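Good morning, and thank you for making time for this presentation. Please look at the sequence and the structure first, and I shall then go through selected features in turn.

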Amino acid sequence: MDESYNNKLSLVKGAKDIAREAKRHAAKKVSKVVNRAADEYSSQRNYSQFQNEDDDDERYVHTQHDGNARFPGENTNDEDGEDYASDATEGHDDEDEIYEGEYQGVPAHSDGKSRDGQVSMGQPVSDSLRERKELEQERLAEEEELAQQYELIMQECGHGRFQWQLFFVLGMALMSDGVEVFVVGFVLPSAETDMCVPNSGAGWLGSIVYLGMMVGAFFWGGLSDKVGRKQCLLISMSVNGFFSFLSSFVQGYSMFLFCRMLSGFGIGAAVPIVFPYFAEFLSREKRGEHLSWLCMFWMIGGIYASAMAWLIIPHYGWSFSMGSAYQFHSWRVFVVVCALPCMCAVVALTFMTESPRFFLEMGKHDEAWMVLKQVHDTNMRARGEPEKVFTVSTILSLPQCFLSSIILSPPFSLLPSPSLSSPSSLSCPSFLYYISLSSLSIVWFTLSFGYYGLSVWFPDVIHHLQSDEYASRVKIHNDERLEDFTFNFTLENQIHTNGVFINDRFISMKMKSVTFIDSTFQNCYFDDVSTVGSLFKNCTFIEAFFYNTDIDDSKLVGSRVINSSFHHNKTGCQMTFDDDYSAYWVYFVNFLGTLAVLPGNIVSALLMDKIGRLSMLGGSMVLSGISCFFLWFGTSESMMIFMLCLYNGLSISAWNSLDVVTAELYSTDRRCTGFGFCNALCKLAAVLGNLIFGSLVGITKAIPILLASAVLVGGGLVGLRLPDTRGNVLM
């Protein structure tokens, strides 16, 4: 009895499936005829006429639970076997039905009820595992079809003037990110000296900027998936430009930190938005190469910052003051100049369009079609083919249930899964998806930790070598006695022990790295004396006269002052770069290290689509880790500079390929959120790398070398296990 009943149910179900499939094929044939008629009609109709039509004239399809499309007011009785069809102006009666204006690329929306192979929001899925698998396979096939359709549209639009315009505009935004990173290191010594920052507060500037960039990356990345790429990037770059400019004028260190933190918060949006934004205007064949070329602007930002620091900061004369309360030194001019790329990016972004992929995800088909037509027409005019018509008339869309889940999903969520168009692809949360996400996070963290850690360690080691060499040339004077002598020249790198100075005059002079120990100054006259790194230890001043000097209690360590007077002492922290070529040398070293990235950028751009993203990512990180072992032989400045250039040149390919993989791995509705999360990990690793590697300078070489090598090689091996995205279309 049960077997007979089950056979009967199976027969009925099979008959329904056959009938549904036959009706679907019949509807598609009708759809082709109607679409052809609509295309002929649209070719004779001006597009501007459609813009003047009222939105209420659009008629949408009402869908029944059995998967058959009905217009409002149509008979829904199927028992008499009648065939329902609408006239040519209203569309036909199935899921491929068109409505007035579909020639513009605006497909009809469902009302949220279920269709074949789809489940509406709030409706329970069948308990049958087989039906759930079929539903999932149908959804995957539909998403794949949409992705392939967009890929064909981008191929028809071509690659030309529009992409190159967007390339330079987004390049300016990415250049601003590179400038922001380098500004921190260049301004840090000057700002802390100018604002009299104690040793306990030193170093906060670098950490606070990276903290702002970390929060900004995650915030703006998640927001751009809900609000739009262009709008979020425009607002964030405006925030960065405003507070960067404002920070050059504030006087207090705490206010300066606050402005730089907000500046970092704004620029944190650059990387998470720029790469997805540009990738969504590129076809599959162009994506890897041109995203790699875009990475060059980060290097250009570093070169720009190094060159401007080299030209501006050491010129102490480029400053002015308004009394003793307001000082505007050369490093502040440098901060203003470094805000210019950001301001240029803001102006240029106002003329760009939003990503059509984002419009489609939000269901704004009119706007998406218009953007794609603009891309097509701009490129065709540049090719000398203005008469070529944009032939796309229909853009498929996600079902209403999936579209609603995208719009209503919470922001800053990394679900759904990455868009992998390979046999191992996943489109719903699963164990393999979380493995891929974890692997990607590990690669971002390890590469950032090793790169930023060594970026701090290299200059500090070079400075340590310079200090050792400088200390080896110190001049020591013991038991000297001078009477009625006038010092009107610079004293540098000297140590005076047990000296006696009687009736001597120190007039309009400078002391740089000079230390007096157990010395006596009797009836001496100090006028317009500036000291840099100089101390008086256990000295005695008898009837001495100080006028317009910066000698105060901080310089008199354990010294006695007897019957002496101080008049019009210099207040605040004194800055001077006169005859200080070490500042030039630091900026020049950074300039060389940044310039060494150029060959790696060119190689990665040319080979990205040939050898693959993962091979380049893993190979670059492993080679960078191996190159760290050669640091054992870095016993001189020239050798360390060479190793810095070699390391930067090898590691840049890993950065470029990682940016490309991350942009291709996530689906459109989570692409910027995922990129922002990874970039936030990058900044967290940068802070940890700065702290750990900076604390080991001058102590040991073994720990930084072994740590950097292990982290980079391990991250490179993990990167080889990431899903290959070279042949993927953006989902």
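This is a predicted model: local features need pLDDT of at least 70, side-chain atom pairs count only at pLDDT 80 or more; totals for chains, interfaces and linings use all residues.

Let me begin with the cavities. The count comes to six cavities of 30 Å³ or more. For the largest cavity, the volume is about 70 Å³. Which residues line the largest cavity? They are S176, V179, E180, V183, N240, S244, R260, V335, C338, A339 and C342. Two or more of these lining residues come from each of helix 4 (161–194), helix 6 (229–247) and helix 10 (330–338). Helix 4 contributes the most, with four residues. Sorted by class, the lining of the largest cavity holds six nonpolar, three polar and two charged residues.

I now move to the helix packing, starting with helix 18 (residues 613–627) and helix 19 (residues 637–665). These two helices pack at an angle of about 155°, and their axes lie 8 Å apart. Because of that angle, helix 18 is roughly antiparallel to helix 19. Their crossing is left-handed. On the side of helix 18, the residues in contact are R613, L614, M616, L617, S620, M621, L623, S624 and S627. They meet M643, L646, Y647, L650, S651, S653, A654, S657, L658, V660, V661 and E664 in helix 19. This contact of helix 18 with helix 19 comprises 13 nonpolar, six polar and two charged residues.

Helix 19 has a further partner to show you, helix 20 (residues 671–695). Here the packing angle is about 145°, with the axes 9 Å apart. What does helix 19 bring to this contact? W655, D659, T662 and A663 in helix 19 meet R671, F675, C678 and C682 in helix 20. By class, the contact of helix 19 with helix 20 has five nonpolar, one polar and two charged residues.

Finally, I draw your attention to two backbone details. D484 has a phi near 50°, a positive value in a residue other than glycine. Where is D484 found? D484 sits in the loop between strand 6 (481–483) and strand 7 (486–487). N493, which is not a glycine either, has a positive phi of about 55°. N493 belongs to strand 8 (residues 491–497).

Thank you for your attention.

Key: Residues are numbered from 1 along each chain as its sequence is written. Side-chain values use heavy atoms; hydrogens and water are left out. Axes are lines fitted to C-alpha atoms, for helices over the stretch in contact, and angles run from 0 to 180 degrees between N-to-C directions. Angles under 35 degrees count as roughly parallel, over 145 as roughly antiparallel, 65 to 115 as roughly perpendicular and the rest as oblique. A crossing is left-handed if the near helix is turned anticlockwise from the far one by less than a right angle, and right-handed if clockwise. Contact means heavy atoms within 4.5 Å. Ala, Val, Leu, Ile, Met, Phe, Trp, Tyr, Cys and Pro count as nonpolar, Asp, Glu, Lys and Arg as charged, and the others, Gly among them, as polar. On a 1 Å grid over the protein atoms alone, a cavity is a set of points where a 1.4 Å probe fits but cannot get out, and a pocket is an open set with protein on both sides within 12 Å along at least five of seven lines; lining residues have an atom within 4 Å of a point. Grid points are joined across faces, edges and corners, and a volume is the space filled by probe spheres set on the points.
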